[in-house]
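Dear colleague,

I am passing on the structure below, together with some notes on how its parts meet. Please look through it first and then read on.

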Amino acid sequence: MSSHSNAHVAHHFENAEQQRQSAQLGMWIFLVTEVMFFGGLFAAYTIYRSLYPEAWVVGSHLLSIKLGGFNTAVLLASSLTMAMAVHAAQTDKQKASANWIILTMLLGFVFLGVKVVEYAGKIDHHLVPGPHFFVDPMAELAKLEAAGIQVGQHLRHAFEGANPNHIQLFYSLYFAMTGMHAVHMIIGAGIMLWLLVNTRKGVYSSQYFNPVEVSGLYWHFVDIVWIFLFPMLYLIGRH
Amino acid sequence: MSDHHVIPVRVYLTIISILMVLTVVTVWVAFLDFGFLNTVIAVGIACIKALLVVMYFMHLKYSARVLWLYAGAGAVFFVIMMALMLSDYRSREWFPAPAAWEVTTTAPATSAPH
């Protein structure tokens, strides 16, 4: 328990540590609701994948592992820079903390930029669900073979048996899941901007860094969502 | 109470290295054929990565135990939701629906449960 009076401790808290733990608990409760929110999307994904496995194989083959993998690395790196921002704030290195926050925000924008490129590609290839959705699994199979990719028996069966309407369902879930994730990234970038302004103002110190810490929890959670989205959307059924 | 527990930077660097290696591994194993185990492996690796982020980047390992309760509750309720929804969807075709429920269909269910 800290004995010195602290201007940052709100009157209804006993001390700074209690205030900090309350802030953490509040953010964790919010994150549990977020788990259930994304959980609904993951449940829909799992059920339809178990009903239409062939369509999921085809849908996943039309996504770019290079772009998805690159984005995974970018987001993991942004989690590191976020952790470093909290670390710097905890150790009274506010200038360094501001720089780590900027870097985190920039990596977030790189992720979103790559996502824009991916979405543009899907629009070009008529893979956006709706009246203009069009996919010909056999033509896609021919493209894979033309690219010199080894097409096994299992994969051939999937492409032959896939119903285009079910592939459209895969893309509905792809856009819903990555879209909701991207919305969280945009909100995260806004939070980073707010943290940056406050850090520059000198609001945070080793005695008070709760907003940096709980914003970090949110950022890492969004990273975790992508950790699951990447294999489930891009890698499933590649063999 | 661990007042202001500051995790050394080298721990963060170790964790990010493991996370990057696991990302490469998950892409690599996706191209090998393990049958239904491919999904198990992909989700398993993702769970390990998520656990590393939660424990170290989100400091849960060094946090008050009440936070473990809440983080655990999130996982438990997610599993309950998945288990109940999947057991509903996957068991629907096991038994024919009672004839009285077949209002909109023309042919009543005749096949025996398989």
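In this predicted model, the centres of domain 1 and domain 2 of chain B, taken over C-alpha atoms, are separated by 22 Å. According to the domain assignment, domain 1 of chain B covers residues 1-62 and domain 2 covers 64-96. Where the two domains of chain B meet, four residues of domain 1 are in contact with five residues of domain 2, and the area buried between them is about 350 Å², with carbon and sulfur atoms giving 73% of that area. On the domain 1 side, B:Met55, B:Leu60 and B:Lys61 lose the most area to domain 2 of chain B, and together they account for 77% of what that side buries. Between these two domains of chain B the rule finds zero salt bridges and one residue pair in polar contact, both residues being at pLDDT 80 or more.

Turning to the interface between the chains, 49 residues of chain B are in contact with 50 residues of chain A, and the area buried between chain B and chain A is about 4,300 Å², of which 78% comes from carbon and sulfur atoms. The side of chain B that touches chain A draws at least two residues from each of α1 (9-30), α2 (37-57) and α3 (65-91) of chain B, and its largest share, 12 residues, comes from α3(B). By class, that side of chain B has 34 nonpolar, 11 polar and four charged residues.

With best wishes

Technical notes:
Residues numbered from 1 in each chain as written. Chains lettered and ligands numbered in written order. Predicted model: local features only at pLDDT ≥ 70, side-chain atom pairs only at ≥ 80, totals over all residues. Heavy atoms only, no water. Contact = heavy atoms within 4.5 Å. Buried area = accessible area lost by both parts, 1.4 Å probe. Helix = DSSP H or I, 4+ residues; strand = E, 2+ residues; numbered from the N terminus. Nonpolar A, V, L, I, M, F, W, Y, C, P; charged D, E, K, R; others polar. Domains from an automatic or database assignment. Salt bridge = Lys/Arg side-chain N within 4 Å of Asp/Glu carboxyl O. Polar contact = N/O pair within 3.5 Å; in protein donor to acceptor, adjacent residues only side chain to side chain.
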